[in-house]
Amino acid sequence: MRVLIVEDEPVIQKGLVKMVQRYPASFSAIYTADDGESALEMIRREEPHLVLTDLRMKRMDGLELCERIHHEFSHVQVAVISGYNDFQYAQRAIAYGVKRYLLKPVTQQDIHNALREIIAGMNENIVSLQKYVGWAEKLEESIWMLQKGDMDRLLEESERSCLFSGLHVLGMTSVLKDCLNMIVGKLAQRGWQPQISSGLSSSDIGKKEAMDAFGAVLDDIFTQLQLTRKGKFKDPIEEAKAFIDMHLSEEVTLEEVAKRVGLTRTYFSALFKKMTGETFVHYRIKKRIEEARKLLAVPALTITDIAVQVGYEDYPHFTKTFKNFVGMSPSEYRSSFGIE
């Protein structure tokens with residue numbers, strides 16, 4: 001949660017910052033401004049969730065700031081701190097949606113009580129990015145695999161499933177920016193850094209425009225990656241199968257192979273089943289048995305040696321697995337070649 005403190009007296013401003021910093025629930029950022037105009041610029045740039053403002057300031061006073069916030073950033077919560085015990089000020093402040101009106105000198109307890117009350121009433125507007133992490137990860141994977149259809153489907157599903165319902169456009173834009181940073185970060189971890197030519201603006205737009213802008217940035221990233229690869233992209237499933245085939249004698253795990261091809265365990269498992277029609281485990285067993293059948297045709301090799309070569313230290317287990325797949329034991333299969 002981000003907080004903006006607007007106060008033109010440096011000493012009081014520093015004191016308010018310290019009071020907010022001591023609040024039991026830590027804030028992700030605490031910003032300061034000296035007057036209303038600077039505060040509006042800060043709100044547009046940093047998108048705070050809560051504003052604590054004085055009333056009497058130069059350039060633009062606190063009441064005008066409250067009015068501008070009320071009309072332009074209605075989701076931002078506001079608390080007023082004033083040295084003027086004037087009922088008219090309080091009335092106007094409340095009319096502009098101000099949640100608390102505090103009189104100077106304020107104590108740390110006053111600030112903490114106000115923060116606790118305001119936060120309790122705005123929980124529905126504080127976004128947990130965890131809700132969107134899975135969505136962002138799938139988008140990144142679809143981009144990395146150059147699956148444009150999957151990327152477009154995920155964007156469409158976010159609208160149909162009302163993923164951003166309950167958020168004001170500023171909150172939605174903030175989440176989309178965080179998701180974009182996640183996507184770019186994961187791509188960078190894979191060894192490729194996209195260039196972001198245009199960002200996501202949060203002023204004078206609606207939710208649809210925000211999502212369209214987000215989609216346009218992803219389209220640009222997708223095109224950049226496509227041009228970078230120039231047809232040299234390795235299919236992750238083919239790469240995984242080749243790795244499994246080369247390490248049949250080893251106990252390679254699903255996690256190990258998924259990490260090697262740059263996918264999450266869950267996504268790789270589902271994708272492998274979708275593309276091959278069989279599970280990772282079934283494919284590995286099948287390839288081991290296929291290799292065993294080839295080796296059983298070589299008279300110089302013992303069945304025990306063959307079992308070890310295809311990854312089975314446990315001979316009885318190898319025999320049982322082979323029979324389940326082939327319909328006869330390894331020795332019976334070898335005898336069919338006339339090899340004793």
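Two strands count as paired here if DSSP finds at least two bridges between them. The names of these elements come from DSSP runs, numbered from the N terminus, with helices being H or I runs of at least four residues and strands being E runs of at least two.

Before going further, please keep in mind that this is a predicted model, in which local features need pLDDT of at least 70 and side-chain atom pairs count only at pLDDT 80 or more, while totals for chains, interfaces and linings use all residues. Residues are numbered from 1 along each chain as its sequence is written, and side-chain values use heavy atoms, with hydrogens and water left out.

Five strands make up an open sheet, and walking across it you meet them in the order β2-β1-β3-β4-β5, with parallel pairing. At the edges sit β2 (29–33) and β5 (100–103), each of which pairs on one side only. From one strand to the next, the twist averages 20 degrees. In general, strands of a sheet pair through backbone hydrogen bonds, either parallel or antiparallel.

Helices pack on this sheet. Helix α1 (residues 10–21) touches β1, β2, β3 and β4 (77–82), and its direction makes about 165 degrees with that of β2. Helix α2 packs on the sheet as well, touching β1, β2 and β3, and its direction makes about 170 degrees with that of β1. Touching, or contact, means heavy atoms within 4.5 Å. The angles run from 0 to 180 degrees between N-to-C directions, and axes are lines fitted to C-alpha atoms, for helices over the stretch in contact.

Follow the chain out of α2 and you come to E47, found in the loop between α2 and β3. E47 has a positive phi of about 55 degrees although it is not a glycine. Is E47 buried or exposed? With a relative accessible area of 5%, E47 is buried; the word buried stands for under 20% relative accessible area, exposed for over 50%, and partly exposed for values in between, using a 1.4 Å probe and protein chains only. L146 also has a positive phi of about 55 degrees although it is not a glycine. L146 lies in the loop between α6 (130–144) and α7, and is partly exposed at 23%.

Next, consider the charged side chains. A salt bridge is a side-chain nitrogen of Lys or Arg within 4 Å of a carboxyl oxygen of Asp or Glu, and by this rule the count comes to 16 salt bridges. One of them joins E72 to R44, with the closest N and O atoms 3.5 Å apart. E72 lies in helix α3 (residues 62–72) and R44 in helix α2 (residues 36–46), so this pair ties together parts that are 28 residues apart in sequence. E72 also forms a salt bridge with R68, where the closest N and O atoms are 2.5 Å apart. R68 and E72 are four residues apart in helix α3, and about one helical turn separates them. Together, R44, R68 and E72 are linked in a network of salt bridges. E72 is partly exposed at 37%, R44 is partly exposed at 37%, and R68 is partly exposed at 27%.

What about K148 and D219? Their side chains meet in a salt bridge of 3.2 Å, N to O. K148 lies in helix α7 (residues 148–160) and D219 in helix α9 (residues 207–229), so the pair ties together parts that are 71 residues apart in sequence.

Finally, see how helices meet one another. Helix α10 (residues 236–246) and helix α12 (residues 265–276) pack at an angle of about 95 degrees, with their axes 10 Å apart. They are therefore roughly perpendicular to each other, a label for angles of 65 to 115 degrees, whereas under 35 counts as roughly parallel, over 145 as roughly antiparallel and the rest as oblique. Here P236, I237, A240, K241 and I244 in α10 meet F268, L271, F272, M275 and T276 in α12.
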